[in-house]
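Q: Please take a close look at one helix packing in this structure, and then at what surrounds it in the description of the chain.
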Amino acid sequence: MMPTPDCFTLGQAVCQALQGAWRASPPAVRISPEAFQAIAPGLSRSGSGALCWHALGNSPLAKTPEGRRLGKIYRNSLAAGAARERQIPQIADWLRSLQGEPLLVKGWSSARHYAHPWLRPYGDVDVCVPPQRLASLLPALEQNPDLAQHLDLHAGIPDLKGRTWDEAVARSQLVPLESTAIRILGAEDHLRLLCLHLVRHVLERPLWLCDIAAALENLPENFDWDYCLQGETWLAEWIECIVGLAQELLGAEVRDVPMRTKPGRFASWVAPYVHWKWGQQCLTALPGGADGRREAMRFLWYHKSNPLRWAWRLKLSPSHSMFRIQTQALLSRPWQLLVRIGRRWHEPTAVKSQAFEIHRERTF
């Protein structure tokens with residue numbers, strides 16, 4: 001039997017540490033002190049430190065040096081989250097004064113599903129505006145740098161493939177925050193965006209899968225799965241695959257999920273890929289780091305879900321993103337030349353307001 005790389009074991013430990021961590025009373029973390037010591041730096045770097053510390057509770061792991069460091073991250077996240085929540089109403093009111101109705105995505109709209117919003121850190125505020133309004137808002141951004149430096153302004157809604165601006169706004173909702181109301185995506189579009197965003201980023205961060213798990217456990221009773229999965233079949237396949245991952249790896253509890261497609265197309269290798277990917281991040285975060293190329297080759301040659309065995313199926317698969325994930329596993333982080341070839345979706349225009357300039361964010 002061929003040896004299993006250490007990164008798979010670490011990736012499994014990451015999943016165990018974050019199972020149900022978004023809930024008010026998460027289940028007890030059942031990993032060894034050695035595994036916790038190995039994954040703690042990776043969790044900190046991926047933005048999941050506060051979430052893991054919340055899951056530790058009164059566990060003896062919370063009293064270890066790594067646990068105390070996560071506790072410090074938790075306290076810092078609490079302060080940062082409170083400050084960011086005060087800025088969001090100011091940003092919304094300011095954009096409305098410029099006749100640009102803002103639509104907030106990710107960040108706070110995901111954090112509101114956690115037991116405490118500060119468990120889900122976010123660096124800036126992702127706001128979408130009508131595509132035709134973007135150019136007229138740029139001069140105002142330069143005149144208000146205090147708010148603009150915390151704002152990531154998008155023309156349209158990146159990652160919500162298959163939905164027009166008008167369709168997304170028609171199903172959006174207003175939720176109260178302090179003295180104003182914030183417009184966010186409807187539950188169906190919100191879950192769709194989170195899933196496709198995670199796929200576009202090659203299942204990069206555990207926190208993003210926690211966002212999906214938290215959203216799944218807070219679905220409204222009238223959630224419309226038919227509308228959520230409506231559109232191209234390969235997109236529905238990936239959404240169902242990611243929903244299945246949240247259930248399998250993080251223990252998300254959700255019922256009556258329709259499975260129209262064949263999850264077996266992805267299930268035999270996507271979950272092992274996630275274990276490898278997250279474990280490899282932990283190895284890289286440890287003192288001295290890890291050789292990303294070596295870990296990539298070990299993944300290729302040692303694991304039964306060798307992506308090379310899937311290469312011949314590319315023409316059979318409707319998903320361009322499968323190619324990107326395979327090339328990412330093949331080349332690992334140091335080499336992303338072929339990964340870029342897989343970005344063949346669309347080219348939404350985004351504005352990073354801190355720089356006050358439009359940049360092109362290439363996706364599939």
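A: In α3, the residues G49, A50, C52, W53, H54 and L56 meet G67, L70, G71, I73, Y74 and S77 of α4, where contact means heavy atoms within 4.5 Å. The residues of this contact divide into 7 nonpolar, 5 polar and no charged; Ala, Val, Leu, Ile, Met, Phe, Trp, Tyr, Cys and Pro count as nonpolar, Asp, Glu, Lys and Arg as charged, and the others, Gly among them, as polar. The model is predicted, local features need pLDDT of at least 70, side-chain atom pairs count only at pLDDT 80 or more, and totals for chains, interfaces and linings use all residues. Residues are numbered from 1 along each chain as its sequence is written, and side-chain values use heavy atoms, with hydrogens and water left out.

Helix α3 covers residues 49–56 and helix α4 residues 65–97; helices are DSSP runs (H or I, at least four residues), numbered from the N terminus. The two pack at an angle of about 115 degrees, with their axes 8 Å apart. Axes are lines fitted to C-alpha atoms over the stretch in contact, and angles run from 0 to 180 degrees between N-to-C directions. The crossing of α3 and α4 is left-handed, that is, the near helix is turned anticlockwise from the far one by less than a right angle.

As for cysteines, the structure holds 0 disulfides, a disulfide being a pair of cysteine sulfur atoms within 2.5 Å. The sulfur of C241 lies 9.4 Å from the closest cysteine sulfur, in C195, too far for a bond.
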